[in-house]
Amino acid sequence: GGGKVFVCDINAEMLQEGRRRAKEKGYSNGDTWVSSEAESSDIVVEFVQGDAERLPFDDASVDALTIAFGLRNVTRTLPALKEIKRVLKKGGRFMCMEFSQVQNPLLRQAYDLYSFNVIPAVGGAVAGDPQPYQYLVESIRKWHDQETLLALMRQAGLKQVTYENILNGVVSVHSGFRLD
């Protein structure tokens with residue numbers, strides 16, 4: 001059968017952009033989006049404004065929760081992870097893809113040179129303002145390393161927590177389950 005996907009963001013403008021992109025891909029119908037090629041088993045997508053530290057979902061109501069390149073922008077990581085655990089059903093899985101810490105010291109040095117010099121310059125040339133790209137690089141460097149995020153996930157009550165590095169740790173994918 002079908003299912004429901006919630007797209008949740010604190011920022012109304014980001015949700016509006018998501019709606020715009022969904023419409024470009026052939027989804028329509030206000031805040032609930034069903035594929036234009038819909039059959040009764042298709043997935044319904046609903047856009048919801050909400051704060052990661054106070055998710056607008058019932059306890060144990062979600063089978064899976066994913067976040068990509070966004071947890072780093074949440075003010076308080078541990079309360080957000082506790083909220084994620086709260087809304088997951090027993091057996092539910094959380095997966096997070098986020099920029100992380102490059103593991104190889106030589107690659108880390110090269111990546112830092114690239115990040116602090118090339119990304120803001122190119123972003124400034126393309127977008128007309130290098131500041132958001134400088135913020136991006138700085139926020140990545142201030143973000144938790146892989147093991148620290150793993151420990152926070154455990155502290156939030158998630159079980160069987162693991163991570164996998166991509167590109168030697170430029171990005172990592174963390175995973176954990178609610179088992180109680």
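**View 1. β5 gives the most to the lining of the largest pocket, with seven residues.** This is a predicted model, in which local features need pLDDT of at least 70, side-chain atom pairs count only at pLDDT 80 or more, and totals for chains, interfaces and linings use all residues. Residues are numbered from 1 along each chain as its sequence is written, and side-chain values use heavy atoms, with hydrogens and water left out. The largest pocket has a volume of about 1,500 Å³. Of its 42 lining residues, Val7, Cys8, Asp9, Thr66 and Ile67 are the closest to the centre. Two or more lining residues come from each of β1 (4–9), α1 (12–24), β4 (44–49), β5 (62–68) and α2 (77–87). By class, the lining has 26 nonpolar, eight polar and eight charged residues.

Terms for this view: on a 1 Å grid over the protein atoms alone, a pocket is an open set of points where a 1.4 Å probe fits, with protein on both sides within 12 Å along at least five of seven lines; lining residues have an atom within 4 Å of a point. Grid points are joined across faces, edges and corners, and a volume is the space filled by probe spheres set on the points. Nonpolar covers Ala, Val, Leu, Ile, Met, Phe, Trp, Tyr, Cys and Pro; charged covers Asp, Glu, Lys and Arg; the others, Gly among them, are polar.

**View 2. Ala64 lies in strand β5.** Its contacts (heavy atoms within 4.5 Å), leaving aside neighbours within four places in sequence, are Leu88 and Arg93. Ile84 is 20 residues from Ala64 along the chain, and their C-alpha atoms are separated by 9.4 Å.

**View 3. α2 packs against helix α5 (residues 146–155) at an angle of about 50 degrees.** The axes are 9 Å apart. Axes are lines fitted to C-alpha atoms, for helices over the stretch in contact, and angles run from 0 to 180 degrees between N-to-C directions. α2 and α5 are therefore oblique to each other. Under 35 degrees counts as roughly parallel, over 145 as roughly antiparallel, 65 to 115 as roughly perpendicular, and the rest as oblique. α2 passes α5 in a right-handed crossing (near helix turned clockwise from the far one by less than a right angle). Thr77, Leu78, Leu81 and Lys82 in α2 meet Leu149, Leu152, Met153 and Gln155 in α5. These contact residues divide into five nonpolar, two polar and one charged.

**View 4. Helices α3 (residues 105–127) and α4 (residues 131–142) pack at an angle of about 155 degrees, axes 8 Å apart.** That makes α3 roughly antiparallel to α4. Their crossing is right-handed. From α3, the contact takes in Tyr111, Asp112, Ser115, Phe116, Ile119, Pro120, Gly123, Gly124 and Ala127. From α4 come Tyr133, Gln134, Val137, Glu138 and Arg141. Seven of the contact residues are nonpolar, four polar and three charged.

**View 5. The protein chain has five helices and eight strands.** Helices (H or I, at least four residues) and strands (E, at least two) are DSSP runs, numbered from the N terminus. The C-alpha atoms fill a box of roughly 50 × 40 × 25 Å, taken along the principal axes.
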